[in-house]
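This report goes through pockets, aromatic contacts, strand pairing and backbone details of one model.

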Amino acid sequence: LIDGITLKLATNFDENTQLDVDSTQALLSHPNVIARDDWSNWLYRKGHNIVSGQALDNAIIPIKTTDGQNPLLITWKKGLGRVTYVDLALQPQLMNVHPGAFRLLANLLSN
């Protein structure tokens, strides 16, 4: 989907996976502040893939796993806009009506 990015299916990003979150990034602070509690009680998993590749060199990575530093939210400047790749497992959280997942989705759509 994005030149320079490689995805490999991961099975180790379960609901207990700890995240390193850069709360200073606009995607995590505007219009909703994404707090520590927004990552609690996720169902099944936090992410889908091990993300790698040369495109990460020029990326901003607001969310990654703490253990392997695997990026789960990546954004790049492109022209006057941005391209954002989300590898977080949002679907089960949205189906479970998890408030933090909805706040994050609203931020992604507004930025």
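The text below takes the sheet, the pockets, the aromatic rings and the backbone in turn.

The model is predicted: local features need pLDDT of at least 70, side-chain atom pairs count only at pLDDT 80 or more, and totals for chains, interfaces and linings use all residues. Residues are numbered from 1 along each chain as its sequence is written, and side-chain values use heavy atoms, with hydrogens and water left out.

**Sheet.** Helices (H or I, at least four residues) and strands (E, at least two) are DSSP runs, numbered from the N terminus. Two strands pair if DSSP finds at least two bridges between them. In the order S2-S4-S5-S6, 4 strands form an open sheet with antiparallel pairing. Strand S2 (19-21) and S6 are the edge strands, each pairing on one side only. On average, neighbouring strands of this sheet are turned by 15° against each other, direction ignored; axes are lines fitted to C-alpha atoms, and angles run from 0 to 180 degrees between N-to-C directions. S4 and strand S5 (residues 71-78) run antiparallel and are joined by 3 bridges. Ile63 has Leu73 in S5 as its bridge partner.

**Pockets.** On a 1 Å grid over the protein atoms alone, where a 1.4 Å probe fits, a pocket is an open set of points with protein on both sides within 12 Å along at least five of seven lines; lining residues have an atom within 4 Å of a point. Grid points are joined across faces, edges and corners, and a volume is the space filled by probe spheres set on the points. For the residue classes, Ala, Val, Leu, Ile, Met, Phe, Trp, Tyr, Cys and Pro count as nonpolar, Asp, Glu, Lys and Arg as charged, and the others, Gly among them, as polar.

| Pocket | Volume | Lining by class |
|---|---|---|
| Largest pocket | about 280 Å³ | 5 nonpolar, 5 polar and 3 charged residues |
| Second largest pocket | about 170 Å³ | 5 nonpolar, 4 polar and 1 charged residues |

The largest pocket has 13 lining residues, and Gln18, Leu19, Val21, Arg36 and Trp39 lie nearest its centre. The lining of the second largest pocket includes Gln25, Ile60, Thr75, Arg82 and Asn111. Strand S4 (60-65) and strand S6 (81-86) each supply at least two residues of that lining.

**Aromatic rings.** Rings of Phe, Tyr and Trp (its six-membered ring) pair if their centres lie within 6.5 Å; planes under 30 degrees apart count as stacked, over 60 as edge-to-face and the rest as tilted. The whole structure contains 1 aromatic pair. Trp39 and Trp42 form this tilted pair, with 5.4 Å centre to centre and 40° between the planes. Both Trp39 and Trp42 are buried; buried means under 20% relative accessible area, exposed over 50% and partly exposed in between (1.4 Å probe, protein chains only).

**Backbone and loops.** Pro31 lies in the loop between S2 and S3, and the peptide bond from His30 to Pro31 is cis, with omega near -5°. Asn41 is also found in the loop between S2 and S3. Its phi is near 60°, a positive value in a residue other than glycine, and Asn41 counts as exposed at 68% relative accessibility. Val97, in the loop between helix H1 (90-95) and helix H2 (99-110), is not a glycine either and has a positive phi of about 55°. Val97 counts as exposed at 58% relative accessibility.

Asp57 is placed in the loop between strand S3 (49-52) and S4. Asp57 is exposed, with a relative accessible area of 65%. The C-alpha atoms of Asp57 and Gly4 are separated by 9.7 Å, although the two residues are 53 residues apart along the chain.
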